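Subject: The structure I promised you

Hi,

Here is the structure we talked about, ready for you to open. Have a look around first, then read my notes below.

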Amino acid sequence: RHAVRPISIPISGAMTGHAAQVSAEPERPSIFYKPQGREVALFEYAFHNRLPVMIKGPTGCGKTRFVRYMAERLERALYTVACHDDLTAADLVGRHLIGTEGTFWSDGPLTRAVREGAVCYLDEVVEARKDTTVVLHPLTDDRRILPLERTGETLQAPPGFMLVVSYNPGYQTLLKGMKPSTRQRFVAVTLGFPAPRLEAAILIGETGIDSAWAEVLVRIAGALRALKDHDLEEGVSTRLLVYAATLIQAGMDPRDACLAALVEPLTDDAETIAALAEVIDATR
Ligand code: ADP
């Protein structure tokens with residue numbers, strides 16, 4: 001039923017947004033994103049074949065940036081919802097509100113995305129209340145419908161609508177995993193910490209830091225991520241490396257910048273902080 005349409009994947013300069021402007025073609029994305037692998041093609045295939053996408057990966061590894069980049073590339077508006085444990089189906093779908101002229105219906109972000117044919121991105125979807133699955137399920141199978149129980153409407157998602165969710169497998173406990181009946185409705189891709197050369201390129205692209213410093217920071221990240229005997233919940237993220245590079249670029253003492261951006265956010269335990277600081281001193 002879903003024919004796989006061949007799509008042209010721009011190469012080289014087009015990926016980085018620095019393509020020469022020669023014709024009246026739509027402008028290349030201006031959002032800076034360095035692909036880790038073939039996730040751009042996967043997302044495009046999924047979009048053109050109306051399949052929902054799940055992006056897995058640790059915090060700060062580029063999931064949100066990737067979705068923003070893809071929405072711009074596909075010329076879709078983007079509705080992002082940061083899910084939390086109080087988020088209900090009504091927060092996604094909408095609710096009746098009381099105004100000066102009585103009650104009126106107000107679309108939630110998911111409904112708006114369906115109406116407009118936009119991308120709806122649910123960040124950390126497993127955090128949301130269980131009742132959200134009721135609205136996600138009919139949208140993620142071949143019906144692609146969103147029933148609005150409160151208004152009696154049933155919306156048919158147009159081709160431009162796409163549902164994207166992210167989740168961090170590292171955070172999951174037995175109690176709070178994603179149920180197979182939900183996760184098996186998505187095509188999925190994992191983003192991890194970028195490979196060293198790529199991560200250095202990201203730091204340079206994001207902050208303008210010189211390549212020597214970018215390499216030092218990536219080396220420090222590698223050493224910190226390799227530390228297994230301290231029970232850190234998660235390794236230092238690309239986001240934190242960007243912070244460290246930003247502080248160093250701004251003229252902050254590099255050691256202080258590394259402590260503030262790469263050590264203190266990871267743990268509160270004094271011993272672990274001392275151990276991580278040692279790693280930084282030994283790696284620089
Ligand atoms: P996540 O959504 O996975 O928590 P983000 O997408 O917010 O993480 O990424 C955090 C930051 O790391 C971004 O703001 C950006 O500075 C940087 N970053 C991570 N990966 C990339 C990438 N592949 N290309 C460009 N920037 C990236």
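Helices here are DSSP runs of H or I with at least four residues, strands are E runs of at least two, and both are numbered from the N terminus. Before going on, keep in mind that this is a predicted model, where local features need pLDDT of at least 70, side-chain atom pairs count only at pLDDT 80 or more, and totals for chains, interfaces and linings use all residues. Residue numbers run from 1 along each chain as its sequence is written.

(Buried means 20 or more other C-beta atoms within 10 Å of the residue's own, exposed means 12 or fewer, and partly exposed is in between; the C-beta atoms are placed from the backbone.) Setting aside neighbours within four places in sequence, I273 is in contact with V263, E264 and T267. Two residues are in contact if their C-beta atoms, placed from the backbone, lie within 7 Å. I273 and L259 are 14 residues apart in sequence, and their C-alpha atoms are 8.6 Å apart in space.

Now the whole protein. Of its 284 residues, 32% count as buried. Among the contacts with a separation of 6 or more, 69% are between residues 24 or more positions apart.

Next, the ligand. Which residues are the closest to it? They are G62, K63, T64, R65 and R239, and 17 residues surround the ligand altogether. A residue is near a molecule if its C-beta atom, placed from the backbone, lies within 6 Å of it. Helix 3 (63–73), helix 8 (196–207) and helix 10 (238–249) are the elements that give two or more residues to this shell. By class, the shell has 6 nonpolar, 6 polar and 5 charged residues. (Ala, Val, Leu, Ile, Met, Phe, Trp, Tyr, Cys and Pro count as nonpolar, Asp, Glu, Lys and Arg as charged, and the others, Gly among them, as polar.)

- Helix 8 and helix 9 (residues 211–226) pack at an angle of about 130°, with their axes 9 Å apart. That makes helix 8 oblique to helix 9. Axes are lines fitted to C-alpha atoms, for helices over the stretch in contact, and angles run from 0 to 180 degrees between N-to-C directions. Angles under 35 degrees count as roughly parallel, over 145 as roughly antiparallel, 65 to 115 as roughly perpendicular and the rest as oblique. From helix 8, P196, E199, A200, L203 and I204 meet S211, A214, E215, L217, V218, A221 and G222 of helix 9. This contact has 8 nonpolar, 2 polar and 2 charged residues.

- Helix 9 and helix 10 pack at about 140°, with axes 10 Å apart. W213, A214, L217 and A221 of helix 9 make the contact with L241, A244, A245 and I248 of helix 10. Here the count is 8 nonpolar, no polar and no charged residues.

- Helix 10 and helix 11 (residues 254–263) pack at about 155°, with axes 9 Å apart, and are therefore roughly antiparallel to each other. L240, Y243, A244, L247 and I248 of helix 10 meet P254, A257, C258, A260, A261 and L262 of helix 11. That contact has 11 nonpolar, no polar and no charged residues.

Now try Y121 in strand 5 (residues 119–123). Y121 is buried because 27 other C-beta atoms lie within 10 Å. Not counting residues up to four places away in sequence, Y121 touches V67, L78, Y79, T80 and V164. Y121 and V164 are 43 residues apart along the chain, yet their C-alpha atoms are separated by 4.7 Å.

R50 has a positive phi of about 60° although it is not a glycine, and R50 is in the loop between helix 2 (39–48) and strand 1 (53–56). R144, also not a glycine, has a positive phi of about 50°. You'll find R144 in the loop between helix 6 (132–140) and strand 6 (145–148). R50 counts as partly exposed, with 17 C-beta neighbours inside 10 Å, and R144 counts as partly exposed with 18.

Cheers
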